[in-house]
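This report describes the overall build of one protein chain and then turns to a few of its residues. Please look over the sequence and the structure before reading on.

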Amino acid sequence: MRNSIKLKDLDKNTKYLLSLFLITMGIGIFTGLYFVYLTTDMTPTGTIEQYRGSEIENESDIPDKFKKPIESMVMTTHDHVNMFAIISFLLGFIFYFNSMVSNKLKFFLLIEPYFSIIITFSSMWLMRFYHPSFVYLMMISAALMYFIWYIMIVISLYELLITKK
């Protein structure tokens, strides 16, 4: 993966533009993670309850959370898979031009989020309709995707704002 354009060699205005974009994306991603925390407590139990509904002791109980209907599952999947692919592309496009990470590691960091997107949302469906234990696969793949997004953001920002030509 060789290219002649490097983030550190860009003009000052382009560096600031890309840096502000990356910071804004980081804030947006954090806000999404906070929403996940509010709705699931970021625990397997909370995540299972979010999609499969609350357990009830007797028939007269009203569950805290209802099973997520298929229409909601389809909309969530559609919106998130498309937006996550766009986020991965935009972050990856900027990250591609860094000079700090190269070869196999760079390639892995660029393509892995796409696999995590597919695994995360496939396991969400499997957890909802097949078995709750798929929550672990969902949480691991989502965590890996978010971690890699932040690695790409931090490395790109470092090269844009700190590394000298």
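How many helices and how many strands are there in the protein chain? There are five helices and zero strands, where helices (H or I, at least four residues) and strands (E, at least two) are DSSP runs numbered from the N terminus. This is a predicted model, in which local features need pLDDT of at least 70 and side-chain atom pairs count only at pLDDT 80 or more, while totals for chains, interfaces and linings use all residues. Residues are numbered from 1 along each chain as its sequence is written, and side-chain values use heavy atoms, with hydrogens and water left out.

**The chain as a whole**

From the N terminus on, the order of elements is α-α-α-α-α. The protein chain is more spread out than a compact globule, because its radius of gyration is 19 Å, well over the 15 Å that the globule rule gives for 165 residues; the radius is taken over C-alpha atoms, and the rule is 2.2 Å times the number of residues to the power 0.38. Along the principal axes, the C-alpha atoms fill a box of roughly 70 × 25 × 25 Å. Of the 165 residues, 37% count as buried, a term that means under 20% relative accessible area, with exposed meaning over 50% and partly exposed in between (1.4 Å probe, protein chains only).

E159 is found in helix α5, which covers residues 134-161, and E159 is buried, with a relative accessible area of 0%. Leaving aside neighbours within four places in sequence, E159 is in contact (heavy atoms within 4.5 Å) with K6, L7, K8, F97, N98, S99 and M100. For S99, the backbone nitrogen lies 2.7 Å from a polar atom of the E159 side chain.

Most residues other than glycine have a negative phi. D41, although not a glycine, has a positive phi, and M42 likewise has a positive phi without being a glycine. D41 is found in the loop between α1 (12-40) and α2 (44-52), and the place of M42 is in the loop between α1 and α2. Both D41 and M42 count as partly exposed, with the values set out below.

| Residue | Phi | Relative accessibility |
|---|---|---|
| D41 | about 60° | 47% |
| M42 | about 55° | 40% |

Definitions and conventions
Polar contact = N/O pair within 3.5 Å; in protein donor to acceptor, adjacent residues only side chain to side chain.
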